[in-house]
Every structure is written in C-alpha cells, then in structure tokens.
Amino acid sequence: MLREINDRAAIEVLLREGPLTRAELELAIGLSKPATAQLITRLELDDLVVKAGVRGGGRGPRAQLWAANGSLAFVAAVDLTPHFADFVVADVAGVVLAEYRTPLPVHEGADVVGAFGEALQKVAGEAGIQREDLAHVVIGAQGAFDPRTGLLSSAPHIPGWLGFDVPQKLSDELGVDVLIENDVNLVAVEEMSVGQAQDVDDFVMVWLSEGVGGAVVIGRRLLRGATGGGGEIDWMRVPDPATVDTGDAWPEAGARFGNLVDSPAICRLAAAHGIEAGTAWEAVAKTEPRHPFRHDLAKRVAGGVANLVAVADPQLVLLCGDTSRAGGEEFAALVEEKLHELVLPRTPVGCASVQGNAVRAGALQSALAKTREDVFGVVTPTLLGSRRTEDKHPSSPNR
C-alpha cells in the first residue's frame, strides 16, 4: 500500500511539474535516495514513466530526466459555439499534439454527429493517431447539460444539438467516450487549475459576452444541480437599476438578468448614454472607467451577482468573457462597489486570469483528469466528469 501511495505521488508530481531528475523527484516526494531509485525502476518497468533527455549545466555528469509516459493514452477537448468548433488533442501527460478550428453545422436537421466525427478524425490524424485511440473527448457547449438524460437545454443558438442524448449518440457512432459540459463550468475548472481560484474553495463566475452564463463552485466542486442547470443565471429575475430607460424591464416583473447584460442589451444601454457600438465589449472599451454608462452596467451586473452571493456566500466572484475583459479590473472594482451596496458580505470581485480559449483549456483539464485516473490511478476530484459518468463506476476504489 505504501509503495502504491508513493508511486501515485511521484506520478502526480511528474504530471504537474513535467520531467524531473531523480534528485528533484526525491525532494518533491520526500523519499530517500535508494527508495526513489527503486520507485523509478519500478515505474519504468511498468511503462508508467520514461526517460526524457538529460539536464546539464553543472560541473558533474548530466542528470537523467524522467517523465510520465504520455503515449499511454490520448484525449481531445472541444469548444463548441454557434460560429465554430475549436479542437485540441493531447497525450495523457498534457502535451498538445494538434489543434484544429472549423465551422460545424448547428442548424436543425443538420448531420451534426457526422460533421463532428469528421473534424475529430482530422485533428486526431494531425496528432498522428486514429480517432478510436482517444480515451476521452470533452465538449464545452453554451447550454445546460442534464446528466440524467444527456439532453442540452438553454441552447436555442445550436438547435441541431438539441432533442437527443448528445454524449451517448456521439460515443456510440464515433467509437470514443464523449462527455459534454457547460462552457462556463469549464472556465471555472481552468480557473481552479491555473488561475485565481487555485486556493479558493467557494466561488462563482459570471460570463459576460454575447450572452450571459455562470458557474458555482462549492467545496472545490462544480454545482451542477439536479437537471444540470446549476449556474444558469440568465433566467434570474432582477430589477433594472439603470438611470436610463432602455425598455428591457417591466415595471412590476423586473427583467430577466440575461436581457439586461447580454451584448444587445448593453448596446442599447450604451446608446441611451450616447455611445454607439456594435458589441458590448466595444461599448465598454470606448468609455472611461467612471463613465455613467459603466456605472449603470455595473449596477445591472451587481444586481444579478447579489442573488448568487446571498445564496452561496462565496469567497470570490470572478467576471469573465469579452465584456468583462474589456472593462478589466477597473470594471470589476466598480461591480464590487455596487455589489457591496446590496448585500452584507464583503465579497471581492475580480477578473478571471486565464488567457486564451479558457473553455477549451478547461475541457482539456477535465479530459486529462478522467484519463489520468484510468491510466495512473491519480484522482483530481474537482475535475471529474458529470454525475452520470461517475455513477457508471459506483464501486471504483478511487472514488
């Protein structure tokens, strides 16, 4: 048992930090020199680690580097949007082997499964493998995924992907294990892995871009809800606190949060302040940090965030998406100011720090976590797939 614990600890370090010398691994896992040497020999015989070149620079002989064997399994991650699908293939060590971005049909009646399979085959081929060699594929999509039925909801922008068990149909017809996850949930996964939420147990994310989305993390685990609708903040009812009337709210019923902070609504708010812009992020970028338009927008965002804070009382609120990036930390500070006028907790508000395609990166983290559990027995609880997938293996000793 102790040997197994030490072996897993060594693999975890190699996966996290990359190739290491025996001395570096010895220091990282706290074993003696002979015990570490025996561990490396054991893992090499089991084909779990491989030689990865040498490290020089000192006066003595160059030291052998060791790495987790990435060729044991391969994964793919996909960011699926109405405009394109962004693919990446990596080995189980996390080394990216190929990337591919292409439009996919999303309209009703389209052969979305066939088109997805062709794109997946292309990127797998560019990585030097076959599609069937992929251990897991994780798709990030703009909608709520019900783990009980496999159905996507709250996704009218991709009608061709609605009305059927998406992961099951893709898995059956493509011959690979496919999972699907809400895109903002995956941004939260990436933020937990390498961003500002690495040391935070409870936080919420608010996505502001063409539309609005959210993610709630409690105890380092995503709150998905009974039907996969956890974090679907678009449908919250909130009053419109803006100082100008844009016609987005009703006097008695208030407004849907998404109808106040999606890109068209923000453009209407900007126009009411005399600012013409084609997108929300353009409107924010055109204005100074303390412009009245930004104050009104910050009040709208804070009104929705206040509901999340009142229920979850998180340690941190993170804003992400194109609109949030355009405003930066100055806009986040303004939202925090307005938020503290509405709720008792002094919850800090910041901007997500992960750059690039955070949805795809989070999907890759999730795919790697599942595959590393299968191959190495290394468990990453925050990055496990949906409850539906976990229930397939209720007796697994690693759960």
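Biologist: How are helix H4 and helix H5 packed, and what is the angle between them?

Modeller: Two packed helices are described by two values, the angle between their axes and the distance between the axes. Here, H4 (residues 112-126) packs with H5 (residues 166-174) at about 60°, and their axes are 10 Å apart. Axes are lines fitted to C-alpha atoms, for helices over the stretch in contact, and angles run from 0 to 180 degrees between N-to-C directions. Helices are DSSP runs of H or I with at least four residues, strands are runs of E with at least two, and both are numbered from the N terminus. This is a predicted model, in which local features need pLDDT of at least 70 and side-chain atom pairs count only at pLDDT 80 or more, while totals for chains, interfaces and linings use all residues. Residues are numbered from 1 along each chain as its sequence is written, and side-chain values use heavy atoms, with hydrogens and water left out.

Biologist: Which word describes how H4 and H5 lie to each other?

Modeller: They are oblique to each other. Angles under 35 degrees count as roughly parallel, over 145 as roughly antiparallel, 65 to 115 as roughly perpendicular and the rest as oblique.

Biologist: Which residues of H4 and H5 meet?

Modeller: Contact means heavy atoms within 4.5 Å. From H4, Val113, Phe116, Gly117 and Leu120 meet Lys169, Leu170, Glu173 and Leu174 of H5. By class, this contact has 5 nonpolar, 1 polar and 2 charged residues. Ala, Val, Leu, Ile, Met, Phe, Trp, Tyr, Cys and Pro count as nonpolar, Asp, Glu, Lys and Arg as charged, and the others, Gly among them, as polar.

Biologist: At what angle do helix H2 and helix H3 cross?

Modeller: The axes of H2 (residues 22-29) and H3 (residues 33-45) cross at roughly 110° and come within 10 Å. H2 and H3 are therefore roughly perpendicular to each other. Arg22, Leu25, Glu26 and Ile29 in H2 meet Lys33, Thr36, Ala37, Leu39 and Ile40 in H3. That contact divides into 5 nonpolar, 1 polar and 3 charged residues.

Biologist: Is arginine 360 buried or exposed?

Modeller: Buried means under 20% relative accessible area, exposed over 50%, and partly exposed in between (1.4 Å probe, protein chains only). Arginine 360 has 14% relative accessibility, so it counts as buried. Its place is in helix H12 (residues 358-376). Not counting residues up to four places away in sequence, arginine 360 touches Ala77, Asp79, Asp86, Phe87, Val88 and Glu99.

Biologist: How many helices and strands are in the protein chain?

Modeller: The chain has 13 helices and 17 strands. Buried residues make up 53% of its 399 residues.
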